[in-house]
Amino acid sequence: MIKLFKKFLVFLKKRAVFTVLTMGFFGGVIFWGGFNTALEATNTEQFCISCHEMENTVFQEYKHTIHYQNRTGVRATCPDCHVPKEWGPKMIRKIQASNELLHKALGTIDTPEKFENERIHLATKEWRRMKANDSLSCRNCHDYSSMDYSMQSQRATPQHIAGFEEGKTCIDCHKGIAHQMPDTSSLTDEERKEFNLQ
Amino acid sequence: MKNSKKLVLKYVNLALGAGLLMLSINSYAETKEAATSDVAEVQKELNAQTPSATNEATDSVSASSEVKSSAPEFHDFGFKGVRSLRGETGIVAPDKSASIKRLQPDIDPIARNYFQQPPMIPHRTRGYQITVRHNKCMTCHGWDTYKKARATKVSQTHFADRDGNAQSTLAARRYFCTQCHAPQVDAKPLVENKFDPVHELQK
């Protein structure tokens with residue numbers, strides 16, 4: 001048995017390049033698989049609400065909305081709206097999100113009162129992000145070119161047609177649909193115009 | 001010889017590692033088994049309890065059948081007894097669950113039945129927030145937005161407080177729209193109603 005093992009070692013020594021390549025290949029597969037698995041694990045609703053900052057505030061509000069519970073049972077969970085689907089933008093968003101770890105440590109929103117004070121700041125940040133990418137995370141499911149206006153409600157049809165003609169994007173009107181709308185009275189006139197608020 | 005000793009040591013190390021791994025897997029499996037057996041025990045207890053529960057149920061059923069069997073006596077006199085809103089369901093039997101009423105899609109404004117009636121909401125309002133921070137209804141029914149949204153504007157009466165002082169914002173007592181205005185479901189009236197609106201509202 002020991003002899004066999006020795007022979008195997010000799011074989012490896014003779015074909016060092018082959019050995020390195022093989023190990024590199026399998027090592028790479030394992031590393032990449034592990035990295036992706038870990039990344040996907042942080043891209044789930046369960047992970048998001050593992051912090052009480054998320055579970056006690058925004059998640060409770062989201063539970064009453066159509067993206068959480070609806071007729072057909074198709075759901076949009078946290079990352080569907082808050083993390084881009086493509087690899088590059090996803091990586092950028094994930095790296096930006098490491099800032100949240102700092103604020104978790106600082107306890108920036110660790111009480112309902114603190115969260116309430118930051119609500120408008122957090123919301124405008126997300127509105128800006130969605131406006132900048134043309135509401136991409138909405139459009140991953142709600143494709144404008146696939147909308148049948150005749151099947152929409154009496155109020156929605158003219159608003160959608162006019163809105164898209166004006167070059168508006170989803171978030172311009174559909175604010176506060178998954179979480180509660182913040183008090184917008186503290187915004188300046190320019191900001192109100194930017195966010196299409198009256 | 002030294003080399004082979006080292007190799008043997010390596011093997012021993014490997015074997016030890018494998019043994020530890022197996023141990024940990026075993027202990028994990030045991031805890032899992034224990035958990036499942038706990039569940040099984042609770043299930044058994046529940047099963048032991050259910051026969052008595054079913055007995056009670058059959059008792060109640062027999063009671064209700066007694067009530068039914070005594071009904072024909074009333075029938076002989078041509079008197080069917082008082083029929084409550086629960087219908088023919090016996091007193092001890094569980095109530096029939098009501099059918100689910102559906103909110104209607106958008107329709108034209110609903111006519112009022114009397115002058116003081118708050119207008120009913122002719123559209124769905126799911127997800128429309130009326131919170132301390134934001135009133136969704138006012139994004140269409142507010143004085144600054146109703147024209148663009150082609151919606152009914154909120155009445156001027158809603159800006160007066162209880163002492164009749166005019167305010168520049170919605171009065172607190174009139175802020176929560178759905179306290180008076182309600183979206184409509186497809187429910188049919190439970191009892192016949194012969195109420196007629198006043199002439200002016202009949203058109």
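Over all chains of this predicted model, the count comes to 16 salt bridges. Side chains of opposite charge can pair when their charged atoms come close. One such pair is A:E45 with A:R75. Their closest N and O atoms are 2.2 Å apart.

Other salt bridges join the two chains. Between chain A and chain B the count is 2. A:E116 forms a salt bridge with B:R133. Here the closest N and O atoms are 2.6 Å apart.

Now look at the interface as a whole. On one side, 23 residues of chain A take part; they are in contact with 18 residues of chain B. The size of an interface is often given as the accessible area lost when the parts come together. For chain A and chain B, the buried area is about 1800 Å². Carbon and sulfur atoms account for 48% of it. Polar contacts also cross this interface. The rule finds 12 residue pairs in polar contact there, both residues at pLDDT 80 or more.

Which helices of chain A each supply at least two residues of the side that touches chain B? They are α1 (2-14) and α8 (112-132). Helix α1(A) gives the most, with 3 residues. By type, the residues on this side of chain A divide into 7 nonpolar, 10 polar and 6 charged.

Chain A also has a nonpolar surface patch. A:F31, A:W32, A:F35 and A:W87 make this patch, with an area of about 480 Å². Which helix gives the most to the nonpolar patch? Helix α2 of chain A does, with 3 residues. This helix spans residues 16-41. A:W32 is placed in helix α2 of chain A.

Methods. Residues are numbered from 1 along each chain as its sequence is written. Chains are lettered from A and ligands numbered from 1 in the order in which they are written. This is a predicted model: local features need pLDDT of at least 70, side-chain atom pairs count only at pLDDT 80 or more; totals for chains, interfaces and linings use all residues. Side-chain values use heavy atoms; hydrogens and water are left out. Contact means heavy atoms within 4.5 Å. Buried area is the accessible area (1.4 Å probe) that two parts lose on being put together, summed over both. A salt bridge is a side-chain nitrogen of Lys or Arg within 4 Å of a carboxyl oxygen of Asp or Glu. A polar contact is a pair of N or O atoms within 3.5 Å; within protein, one must be able to donate a hydrogen and the other to accept it, and residues adjacent in sequence count only if both atoms are side-chain atoms. Helices (H or I, at least four residues) and strands (E, at least two) are DSSP runs, numbered from the N terminus. Ala, Val, Leu, Ile, Met, Phe, Trp, Tyr, Cys and Pro count as nonpolar, Asp, Glu, Lys and Arg as charged, and the others, Gly among them, as polar. Patches are made of residues with over 30% relative accessible area and no salt bridge: like charges are joined within 9 Å, nonpolar side chains (Val, Leu, Ile, Met, Phe, Trp, Tyr) within 5 Å. Accessible areas come from the Shrake-Rupley method with a 1.4 Å probe; for residues, only the protein chains shown count as cover.
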